[in-house]
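The following exercises are to be worked through with the sequence and the model at hand. Each task is followed by a solution in steps.

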Amino acid sequence: MDGATDCSPQTAAAEPLLLAKLIPNRLRELDWTSGCETWGVAFSPDGSYFAWSQGHNIVKLVPWPFEDHKTNCKSTHNFKVDESSDGRCRERLIDCGQTVWGLSFGASPSNNGKQSSENQHKSKLQSSDAVLATGLANGEIKLWKVPTAHLLHYLKGHQSVVRSFAFITNENFMLVSASRDRTLRVWDLKQNGKLLHILKGHDQWVYCCAVSPDSTMLCSVGGGRTVLLWSTVTYTVIRKLEGHGGDVVSCEYSPNGALLATASYDTYVIVWDPYTGESLMKLRHCSPPASLDVDEGFRTGFVRAVSFSQEGLNVTSVADDGLLRIWCLDLQRPVYVAPLANGLCCTFSPHGRVLATGTRDGHVTFWTVPRVLPTLQHTCRNAVRHVMTTHQVMLLPVPKKIKQFLVYKF
């Protein structure tokens, strides 16, 4: 729609600025061996900590931003994190005992006085506590307290690799886990990790799951082109989204909950309306030209991960063609492109313009993306979509053109 958002004045894609790289402090012969991959990178909800699975069973938990502490990454593009840093840095090295395939932060919501003293006594979590969930190769889940890295819960039940997590943080505090055993499991963290539900609907591996910002809807994606939307009230399937042509490996809701992005080995990112199941746009990843310096072993458009920017204007994707792309949703094309060999995952920081990406060699790269100033139209749409579903928007007594803009019909 004309004048919707000024994503970029440029006609050609620019490069985001490489800010820093984290390299595990380990023996060189351990690089490029099985188990060295960074399958997960995550910022804590309040933006005060960063964690990544650096391979060989190890998760590193570090304060964020780095410049406020001993480890200063702004002055260099390539450094090693000291495994024996002193207490001032408050870094934590967590040995999970198994290869870490999934990683996510969650924060316990305020109980507002509703939790009984008996339940408070039983729970290991206090109001507003932050936790770090790690999914392991043997199907087990370990939850760690942030920032002390003390083990809080040890959850067993999955029969295979745990790939992804999502937290439900309304009046409850629950963890959803997705596994290669073809199930999702829902755990009540206020009852010390009690298993509440086992969700069965996938015929193949479940690669990823995500919860909507209002915690009312759960998305899970997996093999066999599967994208399922679940109610977090009944834990039944609301709808199945059809459109991908290959395994779907990543999903994320936009910050206002109005959009859902899914990434697939079919070389596409699809942006959906989760309330109607309609495909709003398809972002294609083509293999790079031979003139581009990309590893021949990864000349494919398989998309590994997708993440929304915090203002909801852009979507970032990581693909096996050796490129990191930042797409403007209004333009439906990349506005920033950078080389990223062997990328596996990506996520934006909660506060700011920093993007973190993880790779097969256990490294993490940080990028700064130029600030995007939302227009008044986008700000108004964002405010409306935070509180209204697509169906509610379509009932508004406003012109059709405004309705189309509010439901992202470009």
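A residue is called exposed when its relative accessible area is over 50% and buried when it is under 20%; values in between count as partly exposed. The model is a predicted one.

**Exercise 1. Determine which residues of helix α2 are buried and which are exposed, and how they are arranged.**

Step 1. Begin with the length of the helix. Helix α2 covers residues 376-387, which is 12 residues, and at 1.5 Å a residue it should span 16 Å. The C-alpha atoms at its ends lie 18 Å apart, which agrees.

Step 2. Sort the residues by accessibility. His378, Arg381 and Arg385 are buried in α2. These residues cover an arc of only 65° around the axis, and therefore they lie on the same side of α2.

Step 3. Turn to the other side of α2, where Leu376 and Val387 are exposed.

Step 4. Identify the packing partners. The buried residues of α2 pack against α3 (390-394) and α4 (400-406).

**Exercise 2. State the strand order of the sheet that contains β19 to β22, and explain which strands stand at its edges.**

Step 1. From one strand to the next, the twist averages 20°.

Step 2. Examine one pair in detail. Strand β21 (residues 268-273) runs antiparallel to β22 and is joined to it by 6 bridges. Within this pairing, tryptophan 272 stands opposite serine 279 in β22.

**Exercise 3. Carry out the analysis for the sheet that runs from β23 to β26.**

Step 1. This open sheet consists of 4 strands in the order β23-β24-β25-β26, and its pairing is antiparallel.

Step 2. β23 and β26 (333-339) are at the edges: each has a single partner strand, so one side of each is left without a neighbour in the sheet.

Step 3. On average, neighbouring strands of this sheet are turned by 20° against each other, direction ignored.

Step 4. β24 pairs with strand β25 (residues 323-328) in the antiparallel sense over 5 bridges. Serine 317 faces arginine 325 in β25.

**Exercise 4. Locate glutamine 310 and describe its surroundings.**

Step 1. Glutamine 310 belongs to the loop between β23 (303-308) and β24 (314-319).

Step 2. Its relative accessibility is 37%, so glutamine 310 counts as partly exposed.

Step 3. Leaving aside residues up to four places away in sequence, glutamine 310 touches Pro255, Phe348, Ser349 and Pro350.

Step 4. Asparagine 256 is 54 residues away from glutamine 310 in sequence, yet their C-alpha atoms are 9.4 Å apart in space.

**Exercise 5. Describe how β17 and β18 are connected.**

Step 1. Strands β17 (residues 226-231) and β18 (residues 237-240) run antiparallel and are joined by 3 bridges. Tryptophan 230 has valine 237 in β18 as its bridge partner.

Step 2. The two strands form a hairpin with 5 residues between them, and tyrosine 235 in the turn has a positive phi of about 55°.

**Exercise 6. Summarise the protein as a whole.**

Step 1. The secondary structure comprises 4 helices and 29 strands.

Step 2. Of the 410 residues, 57% are buried. The protein exposes about 17400 Å², of which carbon and sulfur atoms supply 50%.

Key:
Residues numbered from 1 in each chain as written. Predicted model: local features only at pLDDT ≥ 70, side-chain atom pairs only at ≥ 80, totals over all residues. Heavy atoms only, no water. Buried < 20%, exposed > 50% of the residue type's maximum accessible area, 1.4 Å probe, protein only. Contact = heavy atoms within 4.5 Å. Areas by Shrake-Rupley, 256 points an atom, 1.4 Å probe, with all protein chains shown as cover. Pairing = 2+ DSSP bridges. Axes fitted to C-alpha atoms, helices over the stretch in contact; angles between N-to-C directions. Expected span 1.5 Å × (residues − 1). Arc of directions from axis to C-beta.
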